[in-house]
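Thanks for making time this morning; I would like to walk through one model with you, going sheet by sheet and then turning to a pocket. Please have the viewer open while I talk.

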Amino acid sequence: MRITLERSNLLKSLGHVHRVVERRNTIPILSNVLLKAEGASLTMKATDLDLEITEAAAALTEQAGATTVPAHLLYEIVRKLPDGSEVSLTTSADGATMSVASGRSKFSLQCLPENDFPDLTAGTFANAFTIKAADLKMLIERTQFAISTEETRYYLNGIFLHTVETGGALKLRAVATDGHRLARAEIEAPSGSEGMPGIIVPRKTVGEIQKLIENPEAEIRFEVSDAKIRLSFGEIVLTSKLIDGTFPDYQRVIPSGNDKEMRVDCATFASAVDRVSTISSERGRAVKLALSEGQMVLTVNNPDSGSATEELAISYDGDPLEIGFNARYLLDITGQLGGDDAVFKLADPGSPTIILDSTGADALYVLMPMRV
């Protein structure tokens, strides 16, 4: 293989694919990136056996061929080469090494044969549709923070994507929960998504999709099977296994009888929670909200360091109510709200609370209270 390409093109594509590669690997080939030179492009592929990213970069191919080299090492070399330089990649006659040359710099990397490189893309995708990058980004951003990190409940370690009919319209809905809070966001279902199976997209895949969405106006091809998804972003193709499990019936967690409504300016509320929680213990992080007509008092008590209170003006005309929440969870949710006001629908100190955005119903959050 002998190929020459612009450093900027190589760096951009390597930047996308090398992130998939785990730094510690017991299987040597999984530390490598597959390079395939043919025609006017160099195709790069990396995988961790659950997730695979492929991308092609424009290149001048003198001799077609393929090999695999350490992904993080190649990325670091290319990153440190000067801007605007050209990079030549050449494999030795026996295929055991590859030289990386640019200007006066030359590196030699150990290769492993391309035949050993695993392929994730086998299988057919029964459902396919096109989704706007901005819509997919919104679904992820509004729900990602609530993904569980508890490995024992593995079916909560991702975002549940499914179509649902609501109010006579079909919606594509994303849901994530860790048992303490639940995040739900939805968009109009893209044409072709009807009848797709409900899928759980793993946390690592969700993070990579988010990083790959660079142009919100772009269209993404979304293909689904029972076990995998494949997303195509122009030259980039991401293939991932799905979490094999059943997502719980989240509708049962969303309360329907919360009749007390409180509205508060979102930015003011978030700043106040942030300030009073300074004094809370890392473990507890509980903040008490005492609601009365037109006013909220936020209180944090920490036996080790002291206490803090702050008063806020709110819109509330229900019975006085005291309820406690985890301060970090409140900040995570208010950070996702796009409107000026946060709307809280409450029942009593021991029941889950619904938090909504004042601008519309495309996102909904459920938060379990804490004892304070």
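In what order do the strands of the open sheet of 5 strands lie, and is their pairing parallel or antiparallel? Bearing in mind that this is a predicted model, the order is β5-β1-β7-β8-β9, and the pairing is antiparallel. The edges are formed by β5 (60-63) and β9 (105-110), each of which pairs on one side only, and neighbouring strands are turned by 15° against each other on average, with direction ignored.

Looking at one of these pairings in detail, strand β1, residues 2-6, is joined to β5 in the antiparallel sense over 3 bridges, and there Arg 2 stands opposite Gln 63 of β5. Helix α2, residues 71-80, packs on this sheet, where it touches β8 and β9, and its direction makes about 175° with that of β9. Helix α1, residues 7-17, lies across β1 and β7 (86-91) instead, running at about 95° to β1.

Let me stay for a moment with Ser 102, which lies in strand β8, residues 97-102. Is Ser 102 buried or exposed? Ser 102 counts as buried because its relative accessibility is 8%, and the cut-off for that word is under 20%. Once the neighbours within four places in sequence are left aside, Ser 102 is in contact with Leu 81, Ser 85, Glu 86 and Val 87.

Now to another sheet, an open one of 4 strands, with the order β21-β20-β19-β22 and antiparallel pairing. Its edge strands are β21 (306-313) and β22 (321-326), each pairing on one side only, and the twist from one strand to the next averages 20°. Within this sheet, β19, residues 286-292, and β22 pair in the antiparallel sense over 6 bridges, with Leu 289 standing opposite Ile 323 in β22. Helix α5, residues 266-276, packs on the sheet and touches β19, β20 (295-302) and β21, its direction making about 170° with that of β21, while helix α6, residues 327-334, lies across β19 and β22 and runs at about 85° to β22.

Finally, the largest pocket, which holds about 300 Å³ of space. What lines the largest pocket? There are 14 lining residues, and Asp 50, Pro 202, Arg 203, Lys 204 and Ile 243 lie nearest the centre. The elements giving two or more residues to this lining are α4 (203-212) and β17 (236-241), with α4 providing the largest share, 3 residues. By type, the lining divides into 7 charged, 4 nonpolar and 3 polar residues.

Technical notes. Residues are numbered from 1 along each chain as its sequence is written. This is a predicted model: local features need pLDDT of at least 70, side-chain atom pairs count only at pLDDT 80 or more; totals for chains, interfaces and linings use all residues. Side-chain values use heavy atoms; hydrogens and water are left out. Buried means under 20% relative accessible area, exposed over 50%, partly exposed in between (1.4 Å probe, protein chains only). Contact means heavy atoms within 4.5 Å. Two strands pair if DSSP finds at least two bridges between them. Axes are lines fitted to C-alpha atoms, for helices over the stretch in contact, and angles run from 0 to 180 degrees between N-to-C directions. On a 1 Å grid over the protein atoms alone, a cavity is a set of points where a 1.4 Å probe fits but cannot get out, and a pocket is an open set with protein on both sides within 12 Å along at least five of seven lines; lining residues have an atom within 4 Å of a point. Grid points are joined across faces, edges and corners, and a volume is the space filled by probe spheres set on the points. Ala, Val, Leu, Ile, Met, Phe, Trp, Tyr, Cys and Pro count as nonpolar, Asp, Glu, Lys and Arg as charged, and the others, Gly among them, as polar.
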